[in-house]
Amino acid sequence: MPSILERMSRLDSLNVRVSSPIVEGKVTRMVGLTMEAVGCKVALGDRCNVQVGASKWVESEVVGFNGKLTYLMPTEAIEGIAPGARVVPLDDDSRMPVGDHLLGRVINGLGRPLDGRGPITSDESISLQGEIINPLQRKPISDTLDVGIKTINSLLTVGKGQRLGLFAGSGVGKSMLLGMMTRFTEADITIVGLIGERGREVKEFIEQILGEEGLAKSVVIASPADDSALMRLRAAMLTTRIAEYFRDQGRNVLLLMDSLTRYAQAQREIALSVGEPPATKGYPPSVFSKLPQLVERAGNGKEGGGSITAFYTVLTEGDDQQDPIADASRAILDGHIVLSRRLAEEGHYPAIDIEASISRAMPHIVSSEHLQGAMRVKQLYSKFQQNRDLISVGAYSKGSDPDLDQAIMLMPDINDFLRQSLSESFNLEQSLEKLVQALTSNQQIANKT
């Protein structure tokens, strides 16, 4: 009879392994949307199934711990949970199917379809955690990106791989501007993340603003306002991860996320629920560390690879540009486009405030003539706005300031240049032509007379 050592050696040669048993836990307390469980052997970020009722299970994620207590946050609303509910850790990695079949589809933060067009299947899948690219290995921003909007193309030129913020209050046309960029931008693929928006707005954006043409080359990840904070957080991460996947294939990706503020608010809900102290206007410190972790994943890939050009909307409550999230976002983005409520109320669309907006990559990717023309338009526009009240009441005397005289003469053409209808598209060359016309048309007439 073989000895124990011989039998163990034989099993080892057959590569037989006994899987570790799954240790279940139970729910002991629930406050708000946070569950406290004991008895689980899990780590931060692990997923668990929580039993709700006799046969229903809800997926949850470990968001914190305190001694033997584990804090769980569900991905969807929990109804009917009772003390002692079973908590079963999931040993498989959270992976999402990816590929070209995703184009034209609308999914949630878990990668499940919302458009009623059947399940999503693929031979290839990715995890939510992407590879961090060494900043010294990233391709520098050197090529311009045509977004189809003449104000942005000419005065706030965007480069491939740039990350910009779209700062706006409510009701000033940011969704319309995003829809225009989705339809007109020269990108291989568009990834749209609708994070924390009203459910009605999600449907309207897809059907009316994005349209069939825009949706055909897009992937939409939607997590409306009534989703849990964890689902909104996951949707933002999944949006970025899908964009990374297509970038790694060598494609030029346009990433639109509406909004970065809702992402920060979701992280605030989670952090406060597990006991993290608030720091700046109710936002805990983890929020300001999560923002750059998300934003820095966009941008150019390695040399010879693709790019992610990202636009993040940032809600400015009460049009306050010093809001903590707005202030933090400006510091980590490569530029910002500010939408003005005053311009929107005057019927000026897109309501881009060219005085408050800037593209940090523009000086490195455009010609000196282009840059000088853009700066001249900004100077004349600013000069006119500073003296607007004097001009309105007739207190300004012509000839007192040559620059202001030129600004008054050119302002009708400049305002026409800054306006654009929803159905119009202007490429880079056409945008530059319109810029030159705005600076010279009335000047030529004045010289002839």
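Helices are DSSP runs of H or I that comprise at least four residues, and they are numbered from the N terminus. Gln208 is located in one of them, helix H4. The model described here is a predicted one.

The chain contains 14 helices and 19 strands. Its C-alpha trace spans about 115 × 45 × 40 Å along the principal axes. Of its 449 residues, 49% count as buried. Among contacts with a separation of 6 or more, 71% are made by residues 24 or more positions apart.

Strand S14, formed by residues 218–223, is mostly covered, with 6 of its 6 residues buried. In a regular strand, side chains alternate between the two faces of the sheet. In S14, Ser218, Val220 and Ala222 point one way, whereas Val219, Ile221 and Ser223 point the other way, and all are buried. Two neighbouring strands are described in turn. Strand S8 (residues 106–107) runs parallel to S14 and is joined to it by 2 bridges; here Val106 stands opposite Val220. Strand S13 (residues 189–195) also pairs with S14 in the parallel sense, over 6 bridges, and Gly193 of the chain stands opposite Ile221 in S14. Between S13 and S14 the chain passes through helix H4 (residues 199–216), and this β-α-β crossover is right-handed.

A straight helix of 18 residues would span 26 Å at 1.5 Å a residue, but H4 spans only 21 Å between its end C-alpha atoms. A bend of about 100 degrees is found in H4 at Leu210. The buried residues of H4 are a further feature. An α-helix has 3.6 residues a turn, so residues three or four places apart point the same way. In H4, Val202, Phe205, Ile206, Ile209, Leu210, Gly211, Gly214 and Leu215 are buried. The buried residues of H4 pack against S8, S13 and S14, and also against helix H3 (174–184). The C-alpha atoms of Gln208 and Met176 are 9.8 Å apart in space, while the two residues are 32 residues apart in sequence.

Helix H3, against which H4 packs, is itself mostly covered, with 8 of its 11 residues buried. These are Lys174, Leu177, Leu178, Gly179, Met180, Met181, Thr182 and Phe184.

Leaving aside residues up to four places away in sequence, Ser329 touches Phe167, Leu260 and Val314.

Aromatic rings were also examined. With ring centres required to lie within 6.5 Å, the count comes to 2 aromatic pairs. One of them is formed by Tyr245 and Phe246, at 5.1 Å centre to centre and with 70 degrees between the planes, an edge-to-face arrangement. Both Tyr245 and Phe246 are buried. Tyr283 and Phe288 also form a pair: their ring centres are 6.2 Å apart and their planes lie at 65 degrees, so this pair is edge-to-face, a class that requires an angle over 60 degrees. The partners in this pair fall into separate classes of accessibility. Tyr283 has 3% relative accessibility and therefore counts as buried, whereas Phe288 has 26% and therefore counts as partly exposed.

Two peptide bonds of the backbone complete the description. Most peptide bonds are trans. The bond from Asp258 to Ser259, however, is cis, with omega near 15 degrees. Ser259 is placed in the loop between strand S15 (252–258) and helix H6 (260–273). The bond from Tyr349 to Pro350 is likewise cis, with omega near -10 degrees. Pro350 lies in the loop that separates helix H9 (341–345) from strand S19 (358–359).

Terms used
Residues are numbered from 1 along each chain as its sequence is written. This is a predicted model: local features need pLDDT of at least 70, side-chain atom pairs count only at pLDDT 80 or more; totals for chains, interfaces and linings use all residues. Side-chain values use heavy atoms; hydrogens and water are left out. Buried means under 20% relative accessible area, exposed over 50%, partly exposed in between (1.4 Å probe, protein chains only). Two strands pair if DSSP finds at least two bridges between them. A crossover is right-handed if, with the strands pointing away from the viewer, the path from the first strand over the helix to the second runs clockwise. The expected span of a helix is 1.5 Å times one less than its number of residues. The bend at a residue is the angle between axes fitted to the seven residues ending there and the seven starting there. Contact means heavy atoms within 4.5 Å. Rings of Phe, Tyr and Trp (its six-membered ring) pair if their centres lie within 6.5 Å; planes under 30 degrees apart count as stacked, over 60 as edge-to-face and the rest as tilted.
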